[in-house]
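Biologist: I have a model open and would like to go through it with you. Can we start with how the chains meet?

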Amino acid sequence: MPVKTMVEAIRETLADEMARDERVMVIGEDVGTLGGVFRATEGLQAKFGEHRVVDMPLAEGVIVGAGLGLALSGLRPVVEIQFLGFGHQAFHQIGQQVARLRYRSAGRHSVPMVIRAPFGGGVRTPELHSDAFEAFYAHCPGLKVVAPASAHDAKGLLNAALDTDDPVLYLEPLKGYRLQRDEVPEERYVVPLGSSRVVREGADLTIVAWSAAVQLALQAAEDLAAGGIDAQVLDLRSLVPLDVAGIAAAVSATGRAVVLHEAPLTGGFGAELAATIQQECFYDLLAPVHRISAPDTPYPLAGIEEAYVPSRARVVREVRALMEVAP
Amino acid sequence: MTRFTPPSEPVEPLRILDSSGALLGETAMSDAAVLEAFEWMLLTRTFDQKATSLQRQGRFGTFSSVRGQEASVVGAASALDPARDWIAPQYRELPAILRHGMPLENFALYFMGHPRGCVIPDDVNILPIQISLAAQLPQAVGVAWGLRQQGRDGVVTTFVGDGASSEGDFHESLNLAGVTKAPVVFFLQNNGWAISTPRAKQTAARTFADRAAGYGIHGAYVDGNDLLAVNAVMVEAVARARAGEGPTLVESLTWRAGAHNTADDPTKYVTDADHAAWEGTDPLARVESYLRRTGALADAGYAEIQARCVAEVDRALGVAQATPAPGAEALFDHVYAEPFARFEQQRAAWLQMQEA
Ligand SMILES: Cc1ncc(C[n+]2csc(CCOP(=O)(O)OP(=O)(O)O)c2C)c(N)n1
């Protein structure tokens with residue numbers, strides 16, 4: 001099976017889907033001639049033309065709002081927000097309009113659109129580019145939010161996102177774009193939205209993560225294994241819908257849960273998971289659910305981002321401490 | 001008979017200096033003022049070159065150079081009075097914020113990723129560099145409106161790119177400025193590109209300056225590679241704002257001579273023909289030959305200016321590089337004016353974690 005980077009998997013899936021379904025259209029800033037600032041759409045305009053791969057005026061609000069309109073007209077737009085940090089400029093369209101149009105039209109209209117946005121840090125971007133604000137979006141009823149951690153899932157989840165009639169925010173890890181490489185089948189397949197996966201078996205505790213944090217959890221798990229702690233790693237893959245049964249099964253099996261994310265602590269998606277786990281697994285828990293996150297401060301300039309984004313050593317240290325908590 | 005406005009004719013930007021540095025009209029700028037402006041331009045060019053090579057060596061962060069737009073930025077700044085006027089910048093206007101009093105080392109530190117780079121001295125009237133495109137514009141209107149409301153002197157100049165002028169914030173700001181008659185100048189640098197997206201994909205309007213009419217404000221269209229013309233237009237716009245006559249939208253037609261930023265590869269989208277169309281428009285060369293014609297600049301003078309620029313860039317980069325790396329405590333500085341217990345606990349925990 002061919003090994004691909006995440007960005008390659010995304011690019012090829014877009015190309016396959018555009019070839020398969022002529023309703024699929026790509027719009028965004030710099031997606032055409034340049035092929036996106038991360039080259040996720042490279043070559044698509046040459047292949048499918050300027051009417052299906054469109055360089056838009058620089059305005060996220062109208063890009064998303066027009067995407068909504070394109071979807072209503074019968075197309076299947078894939079909208080690129082260059083960095084999720086600039087999703088704020090489109091938040092009124094995403095949170096207030098795209099997410100709830102179906103509800104507001106009593107089911108008359110659905111919005112089959114995918115909004116792709118790179119997010120997260122660790123790659124020394126300029127200010128405001130690395131914010132991990134997935135929780136904002138998971139809080140918007142009507143919107144699905146997925147965050148692949150592997151090239152394999154990037155393809156399967158993108159296909160699932162294109163298949164559903166609901167709007168999907170599809171988050172891509174800046175850090176994993178080129179670093180993450182794994183096997184991607186050539187044929188079309190779907191990773192169902194709302195299906196988590198156990199990436200690493202383990203008996204002592206469960207680390208719940210998504211996107212770039214999954215690799216971090218796996219690395220920490222290696223170090224922990226060397227010290228005799230057997231960590232299970234669960235990749236959520238999708239925040240909305242959330243695989244509650246999968247999370248409950250994983251955490252109940254180990255009795256301890258750590259949620260790992262690089263967004264700030266307060267109101268982060270980790271809070272949602274902690275509450276869910278507490279409710280679902282109360283009698284199996286041997287220790288409180290622990291969150292490892294960034295602090296409640298803005299994403300800093302690159303010079304101190306190492307102190308901001310959770311590190312491998314920190315995960316190991318905090319997991320060790322959690323293992324000390326006596327039932 | 002048609003009921004609609006016919007498409008407008010092409011229009012030429014105001015120009016005072018031709019590309020060989022010869023005067024086409026009158027200028028109110030003294031030779032001394034032009035010399036001073038030239039030094040700001042050359043300083044920026046020197047910094048751009050130095051910082052780009054440091055960036056290649058991994059000693060400087062991603063930044064956007066001013067190369068090609070020096071006359072535009074400096075021409076605009078030369079009409080402002082740092083003691084009372086304000087600047088709300090984007091990120092590509094280094095000489096304007098320097099002239100207004102921002103230390104060069106702070107700018108360098110910012111792009112080296114050091115939080116100290118965010119420091120703006122108390123008596124320097126500028127807002128922080130803006131990365132979120134067009135977000136500075138509503139703020140600029142607010143500052144200008146607020147100054148006027150309090151009977152305080154001061155005009156706000158805000159810089160924006162052709163790309164950013166597609167954002168909703170741009171339109172909302174021009175509209176509000178028109179309604180409030182806030183003393184603000186919107187200085188739009190049309191440098192041909194928003195990363196890879198050409199100007200033609202941002203607007204179907206004849207010029208960006210034409211948009212002013214729709215907001216009921218003044219518009220001006222100027223050759224941004226002509227220092228004297230930019231200065232002339234800005235002096236007028238600032239005077240009008242000061243006199244309570246309201247805002248102006250200035251479109252400065254220029255050319256981004258290099259990449260969008262140090263992470264960009266323009267060979268993917270800028271053609272040789274694009275470049276050829278702008279060949280010979282280097283704003284530094286134009287000002288230099290003008291000054292040589294007037295006799296205000298000779299080889300010796302040039303060498304002196306150049307030496308001062310190199311010394312200042314070396315000094316500032318030296319200070320920046322000698323600044324100790326930030327510690328984790330800097331994450332928590334300046335987040336709240338009145339921090340609270342839970343926040344302080346988190347700060348303490350973070351510091352302890354760094355020691356571990
Ligand atoms: C709201 C927002 N969207 C996207 C970006 C990413 N981005 C950074 S610069 C840029 C192009 C800006 O072009 P323009 O406004 O013409 O200014 P220039 O860089 O040409 O000076 C883009 C899309 C951003 N910084 N902010």
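Modeller: Keep in mind that this is a predicted model. In it, 40 residues of chain A are in contact with 39 residues of chain B.

Biologist: Which residues of chain A lose the most area to chain B?

Modeller: Those are Leu58(A), Leu301(A) and Ile304(A), which together make up 20% of what the chain A side buries.

Biologist: And what is the area buried between the two chains?

Modeller: About 3,000 Å² is buried between chain A and chain B, and carbon and sulfur atoms give 58% of that.

Biologist: OK, charges next. How many salt bridges cross the interface?

Modeller: The rule finds two between chain A and chain B. Lys268(B) forms a salt bridge with Glu42(A), and their closest N and O atoms are 3.0 Å apart.

Biologist: How many residue pairs are in polar contact there?

Modeller: Eleven residue pairs are in polar contact between chain A and chain B.

Biologist: What is the make-up of the chain A side, by class?

Modeller: The side of chain A that touches chain B has 19 nonpolar, eight polar and 13 charged residues.

Biologist: Switching topic: in the largest nonpolar core, which residues touch the most other members?

Modeller: That core has 130 residues, and the ones touching the most other members include Phe47(B), Phe186(B) and Leu227(B).

Biologist: What does Leu227(B) touch?

Modeller: Leaving out residues up to four places away in sequence, Leu227(B) has contacts including Met29(B), Val34(B), Met41(B) and Val287(B).

Biologist: What about a second core?

Modeller: A separate core of 47 residues includes Ile63(A), Cys140(A), Leu234(A) and Leu285(A).

Definitions and conventions. Residues are numbered from 1 along each chain as its sequence is written. Chains are lettered from A and ligands numbered from 1 in the order in which they are written. This is a predicted model: local features need pLDDT of at least 70, side-chain atom pairs count only at pLDDT 80 or more; totals for chains, interfaces and linings use all residues. Side-chain values use heavy atoms; hydrogens and water are left out. Contact means heavy atoms within 4.5 Å. Buried area is the accessible area (1.4 Å probe) that two parts lose on being put together, summed over both. A salt bridge is a side-chain nitrogen of Lys or Arg within 4 Å of a carboxyl oxygen of Asp or Glu. A polar contact is a pair of N or O atoms within 3.5 Å; within protein, one must be able to donate a hydrogen and the other to accept it, and residues adjacent in sequence count only if both atoms are side-chain atoms. Ala, Val, Leu, Ile, Met, Phe, Trp, Tyr, Cys and Pro count as nonpolar, Asp, Glu, Lys and Arg as charged, and the others, Gly among them, as polar. A nonpolar core is a set of buried Ala, Val, Leu, Ile, Met, Phe, Trp, Tyr and Cys residues joined through side-chain atoms within 4.5 Å. Buried means under 20% relative accessible area, exposed over 50%, partly exposed in between (1.4 Å probe, protein chains only).
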